[in-house]
There are 2 protein chains.
Amino acid sequence: MHQVASHTAVHPVAVPPQFPRFLHPVVRMKVLAGSPGTMGGLALRLAQTGFSLISLCIKISITGFSSISAFWFLVAAMVFQFIWSFSIGVLDTALLTKRSLWNPRIVSLVVVGDWVISMMTFAGACAAAGIVVLIHNDLDQCRSNHCGRFAVAAAMAFMSWIATTLSFVLAFWLFATRR
Amino acid sequence: MHQVASHTAVHPVAVPPQFPRFLHPVVRMKVLAGSPGTMGGLALRLAQTGFSLISLCIKISITGFSSISAFWFLVAAMVFQFIWSFSIGVLDTALLTKRSLWNPRIVSLVVVGDWVISMMTFAGACAAAGIVVLIHNDLDQCRSNHCGRFAVAAAMAFMSWIATTLSFVLAFWLFATRR
């Protein structure tokens, strides 16, 4: 330790220029807003929680939604999305003060969880949107069905998916560059 | 240059231990099979091309598929998937011998393209699967429709999506760790 310190004082130019190249991604990564453990990351979790809750409330307020399997799937996906985003949001809040707890293992778990949840949400939203289009355009039976509300519920699910995908990409970037 | 070389010879322990930590991801990244520009990557492209072609052929062989918007979307997604995977497969083949051409800019384009195409394929597959389930389980009208073939076409689209997602993750990893 003493040898290194005295050495850099004697030859200040010889070694330092080689470090920034390897340190660069590590330094840049911390600036990315929205990564786990930042205020941006917490805002993304809040957005996911909010959109999934709105979608869920609209969906279950429609009588007879349960007669279509794809709508059931969307409701299940929204419940999972809400629980996941809320939990990680709480974790984010707790870790905002204790950054040292964010280790690669936790980040990798968040990456996998975000991916699974975002895919579930996207699948549910696409299936629901496909059926809304089927009822609205192809069968033209919108009067007896709640097309508008189904469409809004699907749109909210898509918004929730966008926020989750952003969280996933930023957590993946953190994981890939920190290791 | 000469100063640095002579320096590491004089103090061999002082500096080198700090390098492997930063070099590690760069070294590991090259080993990942399936990354762009490897034989595994080419195999993934072949799988994507094959599955999308099978799905497309099954879909357009069914008379009356065009009456449902979601099935039209799946056909369009499969066409895009086929063109994209085939093009990148050809690029992969050409670059297998000239590795130096793989630069971060090309990799970033492949990452974005893979993501867009995989999302389109997944959306089409989910919408089609939702409608097949609607016809099969909820409406019980499978006799007059080609449920089995529609289901196989959706399954092939899902297989194509899995291969594209693998390509995307590996290309993203290459991009995130190389920079």
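# Briefing: helices, aromatic rings and enclosed spaces

Ser52(B) counts as buried, because its relative accessibility is 0%. Buried means under 20% relative accessible area, exposed over 50% and partly exposed in between, with a 1.4 Å probe and protein chains only. This is a predicted model: local features need pLDDT of at least 70, side-chain atom pairs count only at pLDDT 80 or more, and totals for chains, interfaces and linings use all residues. Residues are numbered from 1 along each chain as its sequence is written, chains are lettered from A and ligands numbered from 1 in the order in which they are written, and side-chain values use heavy atoms, leaving out hydrogens and water.

**Chain A overall**

- Chain A has six helices and zero strands. Helices (H or I, at least four residues) and strands (E, at least two) are DSSP runs, numbered from the N terminus.
- Along the sequence, the pattern of chain A reads α-α-α-α-α-α.
- Chain A has 179 residues, and 46% of them count as buried.
- Take the contacts in chain A between residues at least 6 apart in sequence: 79% of these join residues at least 24 apart. Contact means heavy atoms within 4.5 Å.

- Ser52(B) sits in helix H3 of chain B, which covers residues 39-61.
- A polar atom of the Ser52(B) side chain lies 2.9 Å from the backbone oxygen of Gln48(B). The Ser52(B) side chain also reaches the backbone oxygen of Thr49(B), at 3.0 Å. A polar contact is a pair of N or O atoms within 3.5 Å; within protein, one must be able to donate a hydrogen and the other to accept it, and residues adjacent in sequence count only if both atoms are side-chain atoms.
- Beyond residues up to four places away in sequence, Ser52(B) touches Met78(B), Gln81(B), Phe82(B) and Ser160(B).
- Leu56(B) also lies in helix H3 of chain B. Its relative accessibility is 14%, so Leu56(B) counts as buried.
- Leaving aside neighbours within four places in sequence, Leu56(B) contacts Val75(B), Met78(B) and Val79(B).
- Leu56(B) and Ala176(B) are 120 residues apart along the chain, and 34 Å separates their C-alpha atoms.

**Aromatic rings**

- Over all chains, the structure holds 18 aromatic pairs. Rings of Phe, Tyr and Trp (its six-membered ring) pair if their centres lie within 6.5 Å; planes under 30 degrees apart count as stacked, over 60 as edge-to-face and the rest as tilted.
- Trp161(A) and Trp115(B) form a stacked pair, because their ring centres are 6.1 Å apart and their planes are at 0 degrees.
- This pair crosses between chains: Trp161(A) is in helix H6 of chain A, and Trp115(B) is in helix H5 (residues 104-138) of chain B.
- Trp161(A) has 10% relative accessibility, so it counts as buried. Trp115(B) has 29%, so it counts as partly exposed.
- Ring pairs link a cluster with members from chain A, namely Trp115(A), Phe122(A), Phe158(A) and Trp161(A), and from chain B, namely Trp115(B), Phe122(B), Phe158(B) and Trp161(B).

**Cavities**

- The structure holds three cavities of 30 Å³ or more. On a 1 Å grid over the protein atoms alone, a cavity is a set of points where a 1.4 Å probe fits but cannot get out, and a pocket is an open set with protein on both sides within 12 Å along at least five of seven lines; lining residues have an atom within 4 Å of a point.
- The largest cavity has about 80 Å³ of space. Grid points are joined across faces, edges and corners, and a volume is the space filled by probe spheres set on the points.
- Residues lining the largest cavity include Trp115(A), Trp161(A), Thr165(A), Trp115(B), Trp161(B) and Thr165(B).
- H5 and H6 of chain A and H5 and H6 of chain B each supply at least two residues of this lining.
- The lining of the largest cavity has eight nonpolar residues, four polar and no charged. Ala, Val, Leu, Ile, Met, Phe, Trp, Tyr, Cys and Pro count as nonpolar, Asp, Glu, Lys and Arg as charged, and the others, Gly among them, as polar.
- Thr165(A) is in helix H6 of chain A. It is buried, because its relative accessible area is 10%.
- Not counting residues up to four places away in sequence, Thr165(A) touches Ser118(A) and Trp115(B).

**Second largest pocket**

- This pocket has a volume of about 270 Å³.
- Its lining has 13 residues; Trp115(A), Phe168(A), Phe172(A), Thr165(B) and Val169(B) lie nearest the centre.
- Helix H5 (104-138) and helix H6 (147-178) of chain A, together with helix H6 (147-178) of chain B, are the elements that give two or more residues to the lining.
- H6(B) gives the most, with six residues.
- Eleven residues of the lining are nonpolar, two are polar and none is charged.
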